Amino acid sequence: MTRSSFITDERISDEGFVRTFFRRIKEGQLGSFPVILALIVIVVVFQSANSNFLSPANLVNLSTQVAYLAILALGINLILLLGEIDLSLAQLGGLAASVLGVLVVRQDVPPVIALTIILLLGLVVGAIQGWFFAVVGIPAFVVTLAGLLAFTGLTLTVLGTQKNLSMADTFAFDFASYYFPAIWAYVFGAIAVIGFAAGLVYSKLRRHAQGLDSASWLAVIVRIVLLTAIVFGFLILVNQDFGLALPFFLMMVIAIVIDLVLRKTRYGRSIYAVGGKVEAARRAGIRVTWVRISVFMTAGVLAALFGFVKAGVTTNAGSTLVATQDLLNAIAAAVIGGTSLFGGRGTAWAAVLGAFVVGAINNGLYLIGFNSDAQQIITALVLLTAVVIDAVSRRGQRYVGRG
């Protein structure tokens, strides 16, 4: 292909950017557009209602809350990609936090050993629940419902007579209350933007070289500019207060790793295949049983990390650390972010974006004086809207032969 024909193709591609955008909407290929639009609306509404919503102090507070919610939502998200549900992850996180608290506060176990123990706990519990589901054949709903009840009881048993366990002055609190110096926050932001930009450009050039359809240069530049503005705008604001919180940084690292695994590895593609159609995945040579068990194991580890981070943020590892609302918010975050309840469709960033939506709604309503009842009602309405969008999207995909 000559340079002139390449330029012509790019010009045509740029001119058809808007047309392509509306075609993708009609076909149900919405991607992250609805949740990003929802976030913009939420920010505008709450900032208009209370000017403190985008204040540095509130953003720092919001980022730490979103961190542990998103970690739990990432675990839920992986299970949803299989087309299943796990009702026990939040309570597993509460059990892990209680075990951590007892080991560190009462038994004086070294922090590294205690943290390793609860991560292994999440891994083993995930393997057991995954085995009952994938090998024995018990529905995941039933297995994890039993887990939810068992972990609630085990948490009380581990805590003993003292149900409230403070994590103040422990390494969990030190972890949750650490904020990076401003220079390091900007370095991390630059690395993230450069990595994102390099990935987009490499993908476009490779697809173009192979004669495949690819995004126009205009679309690539717009995405890079938008991400740069969001990342550095956020960092500039939080650095006016305490700065970038370590729990939020950990959450982003976990999301990036999961995203790369899902998009760039054979194992990640196997998860989508199993969630899309189990029998077809089995006939394609995919080890369906192992994929299912391993996903439950990964979700168990993420649940343990959720418990660790939330215990540090709230300085509490007692029986009141985790409530049913944590599980519901995590499921809502994954679905609102764009992960399908029917399996086989979604991304790691769906859980993160959804967590931002849920966290921003709860935080914004609190700032303008609404109680928890109103927060739950509005979150429920947003969740219902996301499910409707998912159903309409699937109908559009079937219409064009993609669903």
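Student: What share of contacts in the protein between residues at least 6 apart in sequence join residues at least 24 apart?

Tutor: Contact means heavy atoms within 4.5 Å. Here the share is 77%. The model is predicted: local features need pLDDT of at least 70, side-chain atom pairs count only at pLDDT 80 or more, and totals for chains, interfaces and linings use all residues. Residues are numbered from 1 along each chain as its sequence is written, and side-chain values use heavy atoms, with hydrogens and water left out.

Student: How many residues of α15 are buried?

Tutor: Buried means under 20% relative accessible area, exposed over 50%, partly exposed in between (1.4 Å probe, protein chains only). Helices (H or I, at least four residues) and strands (E, at least two) are DSSP runs, numbered from the N terminus. In α15, 11 of 14 residues are buried, including Leu327, Ile331 and Val335.

Student: What should the 14 residues of α15 span?

Tutor: The expected span of a helix is 1.5 Å times one less than its number of residues. For α15, residues 324-337, that gives 20 Å, and the end C-alpha atoms are 20 Å apart, so the two agree. Glycine 338 follows α15, with a positive phi near 120 degrees.

Student: Where does asparagine 316 lie?

Tutor: In the loop between α14 (288-314) and α15. Asparagine 316 counts as buried because its relative accessibility is 16%.

Student: Which side chain makes a polar contact with the side chain of asparagine 316?

Tutor: A polar contact is a pair of N or O atoms within 3.5 Å; within protein, one must be able to donate a hydrogen and the other to accept it, and residues adjacent in sequence count only if both atoms are side-chain atoms. The partner is threonine 320, at 3.3 Å.
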